[in-house]
Amino acid sequence: MKYLFFSWLAVFVGSWIVYVEYSSYTELCRGQECKNSLCDKYRKGVIDGSACSSLCDKNTLYLGKCLSAKPKSQGKVGDQPNLSDLATLVLSIADANKDGHISLPEARSMWALLQLNEFLLAIVLQDREHTPRLLGFCGDLYVMEKVPYSPLYGISLPWVIELWIPAGLRRSMDQWFTPSWPRKAKISIGLLELVEDIFHGTFGTFLMCDVSASSFGYNDRHDLKVMDARYIIPEATFQEGMREQRCDVDEDCLYGVDCHTSCDLTKHRCTPEVTRPNLAKACGALKDYILRGAPFDVREELEKQLYACIALKGFAEQMEIEHSLILNSLKTLLWKKISHTKDS
């Protein structure tokens with residue numbers, strides 16, 4: 001038995017080392033390819049931006065990882081009464097050298113960036129604490145404030161190891177390396193506030209189509225930060241895509257990981273309305289995280305409210321009152337429990 005254990009441990013450690021080394025090497029190669037392409041266009045005067053000089057001339061900006069080489073879909077906020085405010089905001093960021101004019105290279109860079117859902121979200125939520133600060137851009141590359149702790153919870157393992165771990169044990173392992181409960185409560189409140197921010201916000205509604213732990217992180221103050229916003233998309237973009245998507249069954253109507261709609265069999269087209277609101281998916285992601293280690297005097301009520309939240313169906317606009325009541329009730333319950341603790 002002891003021999004089997006040490007054999008398994010040796011395989012685990014060996015696979016982990018190979019996995020980490022290979023991942024680091026491939027990401028470094030991709031980063032170098034990105035840099036070479038961008039700097040070539042910058043030196044030819046095709047693109048410009050506030051980060052181009054640091055990346056290409058001063059060599060003070062290094063690329064360790066590219067989330068994606070191609071945009072998933074074009075960001076589109078739809079018809080909003082304050083689109084002129086958004087345009088003003090975009091133009092102020094596009095003016096990289098702050099000379100009061102938008103050059104053609106700056107305009108090319110900004111147009112490329114506006115094809116990215118996550119960049120549009122970074123602009124829309126730039127004054128909110130849940131989005132890392134936008135530090136600069138060059139072409140379709142943008143630089144964000146570093147988030148020290150990610151993912152929100154869980155550990156990354158090589159796929160070879162994943163095959164040997166039972167699902168129940170895997171879920172438990174994901175919760176081994178997490179902050180104290182009061183700090184988890186503060187982080188959870190941050191995710192609930194993000195749901196509020198992107199529902200009927202200043203520039204329209206956004207849908208969260210991948211509410212997994214890897215999409216979020218947190219800083220030293222335990223404020224939630226969005227790590228990967230590629231699947232937080234404008235509702236208008238989502239609905240337009242769904243209306244054009246052919247289907248035979250409901251399962252064909254999926255965007256990202258968990259933005260589902262139903263299939264209209266009379267037209268063989270997907271309907272535009274999501275079946276689960278953002279809040280229900282956020283509560284599903286938080287359930288194991290926030291219940292583990294929860295104080296005895298709050299656990300039962302917290303579990304009850306989380307399950308009521310997870311059970312929400314239909315688009316939130318159709319049930320806005322219930323949606324708001326559940327969200328505010330959860331936030332209040334958590335805040336009351338941690339408001340007088342030093343960890344909050």
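User: How many cavities of 30 Å³ or more does the structure hold?
Analyst: This is a predicted model. Rolling a probe the size of a water molecule over the atoms shows where empty space is left. With a cut-off of 30 Å³ or more, the number of cavities in the structure is two.

User: What is the volume of the second largest cavity?
Analyst: The lining of the second largest cavity includes Ser 188, Leu 192, Leu 286 and Ile 290. The space in this second largest cavity is about 40 Å³.

User: Which elements give two or more residues to the lining of the second largest cavity?
Analyst: Among the lining residues are Leu 302, Leu 306, Leu 330 and Leu 334. By class, the lining holds seven nonpolar residues, one polar residue and no charged residue. The elements that give two or more residues are helix 8 (181-198), helix 10, helix 11 (296-310) and helix 12 (320-338).

User: What is the volume of the second largest pocket?
Analyst: Residues lining the second largest pocket include Tyr 153, Arg 171, Asp 174 and Gln 175. Its lining is made up of four nonpolar, three polar and four charged residues. The volume of the second largest pocket is about 190 Å³.

User: Which element gives the largest share of the lining of the second largest pocket?
Analyst: Two elements give two or more residues to this lining, helix 7 (167-174) and helix 10 (278-291). Gly 284, Ala 285, Lys 287 and Asp 288 are among the lining residues. The largest share is four residues, and the element that gives it is helix 10.

Conventions
Residues are numbered from 1 along each chain as its sequence is written. This is a predicted model: local features need pLDDT of at least 70, side-chain atom pairs count only at pLDDT 80 or more; totals for chains, interfaces and linings use all residues. Side-chain values use heavy atoms; hydrogens and water are left out. On a 1 Å grid over the protein atoms alone, a cavity is a set of points where a 1.4 Å probe fits but cannot get out, and a pocket is an open set with protein on both sides within 12 Å along at least five of seven lines; lining residues have an atom within 4 Å of a point. Grid points are joined across faces, edges and corners, and a volume is the space filled by probe spheres set on the points. Ala, Val, Leu, Ile, Met, Phe, Trp, Tyr, Cys and Pro count as nonpolar, Asp, Glu, Lys and Arg as charged, and the others, Gly among them, as polar.
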